[in-house]
Each structure stands twice: as structure tokens, then as C-alpha cells.
Amino acid sequence: MGSRAVALLSGGMDSAVSAAWAAREQGFELVTLAVDYGQRHRAELAASKAISGWLEAAELVVLGIDLRPVGGSALTTDAEIPKPDTPAEGIPATYVPARNTILLALALGLAEARGAGAIVIGVNRIDYSGYPDCRPEFLEAFQRVADLGTRAGVTGGAPRVLAPLVDLSKAAIVELGLRLGVPFEKTISCYDAGPDGGACGACDACRLRREGFLAAGVRDPTRYA
């Protein structure tokens with residue numbers, strides 16, 4: 001595995017902790033990747049840049065691929081963001097069709113072009129029940145795609161897909177982030193954040209984040225609208 005890694009940065013707490021793990025604990029030189037896919041929570045792109053700067057990444061790449069014409073998600077259309085009192089059952093309206101497949105494909109191309117030995121993504125077990133592209137089976141299948149479909153894969157070894165948070169609870173993610181010094185106040189997890197990044201406090205992402213900090217017994221630095 002090379003000493004460089006491409007870290008997907010969404011601007012949220014999970015991707016920030018994953019990238020910090022890669023840099024601080026694994027010693028990777030980071031190329032960070034933020035993707036502007038037409039998401040309605042635009043403030044997360046600014047958060048991605050802030051986290052990349054904090055990580056002192058060797059390079060920040062921002063790629064644009066507009067998924068709004070595809071539709072099919074409350075995050076890329078004008079559909080209402082669900083704000084239930086309890087977790088939604090089944091695949092939620094905030095699922096973006098094939099998003100992680102698309103993001104990993106972009107990261108794979110960037111990793112191959114930059115000579116990176118790894119791709120880091122912040123998926124975790126809490127999302128398994130709702131998002132099919134957060135499951136270990138999906139990550140394993142994408143690794144197979146990388147092995148078969150890249151020059152690196154057929155000539156020496158494709159970049160490894162690393163998901164360091166896959167078995168962690170939100171509380172454990174918070175604890176790991178604190179140990180790594182992650183500035184959680186710079187991250188934005190909300191699906192319906194305002195232009196200044198203020199969180200709605202009611203969507204699933206806000207609920208999971210709040211519960212994670214509460215379970216970890218530490219103050220949640222989230223800014224609310």
C-alpha cells in the first residue's frame with residue numbers, strides 16, 4: 001500500500017474522523033476529495049474545505065457532478081426532508097441513488113491518477129439498515145471492481161478501500177474523533193442545514209449526531225439554525 005490516500009470528505013463528522021484516522025494513525029499523506037453533486041445542504045462543501053485545511057492535506061480536489069437531473073432523493077430535489085420523531089424504517093428519502101458508487105468511482109480515478117494506495121470513506125454500521133451502499137458487502141464488491149477495472153489493479157494492486165468506522169457506534173466515532181483532535185465544530189452533518197451551516201436539529205442526521213455526543217458524555221458543538 002502506498003503512503004498516499006484519497007479521503008472522501010463530505011463535511012460531516014464521519015468523513016472528518018475517517019480522514020483524521022488515515023492521516024494521524026495510519027500516516028497517510030492525504031489527497032482530500034469533496035464532491036459537489038447538487039446537494040441542497042451546500043454548506044457541507046465549505047465544511048469539507050475547512051476540514052481539509054485542518055488536516056493539512058497535500059491537495060484538495062473538488063469535483064462537480066450534478067445529480068439533480070437524476071432526482072430520486074430529498075437531498076437533490078425540492079422534496080421535504082423527513083424529520084421523524086423516530087428513525088425511519090426502510091430506505092429513507094435522503095438516500096441518493098448510487099451515491100457511494102459514484103463517489104467511490106471518482107475517488108478511485110483520483111487515487112489511480114495520484115498514485116494513492118488507499119481510498120478512505122466514512123461509512124459506518126448505524127447506516128446499514130437504511131442505506132444499501134453503506135454495507136460491508138457493497139464495499140467488498142467495489143473493491144473487486146477496483147481490482148478488475150483499473151490499470152493499477154491489473155499491474156500491481158488497486159487502491160484499498162478503507163472504512164475505519166464501519167463497526168463503530170456514533171459514540172465511539174465521537175470518542176475517536178476527540179482523541180484525534182477533530183474540530184467537530186467545523187463539521188456539518190445536517191441534511192437541511194442553512195446557508196451558514198446552522199443545523200435543523202430534527203432530521204435523522206442531526207438526531208444521530210446528537211445521540212452520539214450524548215452517549216459519549218461530551219458537549220455537542222453543533223450550531224443550530
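**Exercise 1. Find the helix that gives the largest share of the lining of the second largest pocket, then describe that pocket.**

*Solution.* Start with the share: H2 comes out on top, giving 3 residues to the lining of the second largest pocket. Keep in mind that we're working with a predicted model here.

Now for the space itself: the second largest pocket holds about 180 Å³. It is lined by 19 residues, and those closest to its centre are Glu-185, Thr-187, Ile-188, Gly-197 and Arg-223.

Last, sort the lining by class. You get 10 nonpolar, 4 polar and 5 charged residues.

**Exercise 2. Work out how helix H6 (residues 170–180) and H7 are set against each other, starting from the angle at which their axes cross.**

*Solution.* First, look at the axes: those of H6 and H7 come within 7 Å and cross at roughly 70°.

Then put a word to that angle. Angles of 65 to 115 degrees count as roughly perpendicular, so H6 and H7 are roughly perpendicular to each other.

As for handedness, H6 passes H7 in a right-handed crossing.

**Exercise 3. List which residues of H6 and H7 meet, and sort the contact by class.**

*Solution.* Take H6 to begin with: its part of the contact is Lys-170, Ala-171, Val-174 and Glu-175.

Sorting the contact of H6 with H7 gives 6 nonpolar, 1 polar and 2 charged residues.

Key. Residues numbered from 1 in each chain as written. Predicted model: local features only at pLDDT ≥ 70, side-chain atom pairs only at ≥ 80, totals over all residues. Heavy atoms only, no water. 1 Å grid on protein atoms, 1.4 Å probe; cavity = no way out; pocket = protein on both sides within 12 Å on 5 of 7 lines; lining within 4 Å. Points joined across faces, edges and corners; volume = space filled by probe spheres on them. Helix = DSSP H or I, 4+ residues; strand = E, 2+ residues; numbered from the N terminus. Nonpolar A, V, L, I, M, F, W, Y, C, P; charged D, E, K, R; others polar. Axes fitted to C-alpha atoms, helices over the stretch in contact; angles between N-to-C directions. Parallel < 35°, antiparallel > 145°, perpendicular 65-115°, else oblique. Left-handed = near helix turned anticlockwise from the far one by under 90°. Contact = heavy atoms within 4.5 Å.
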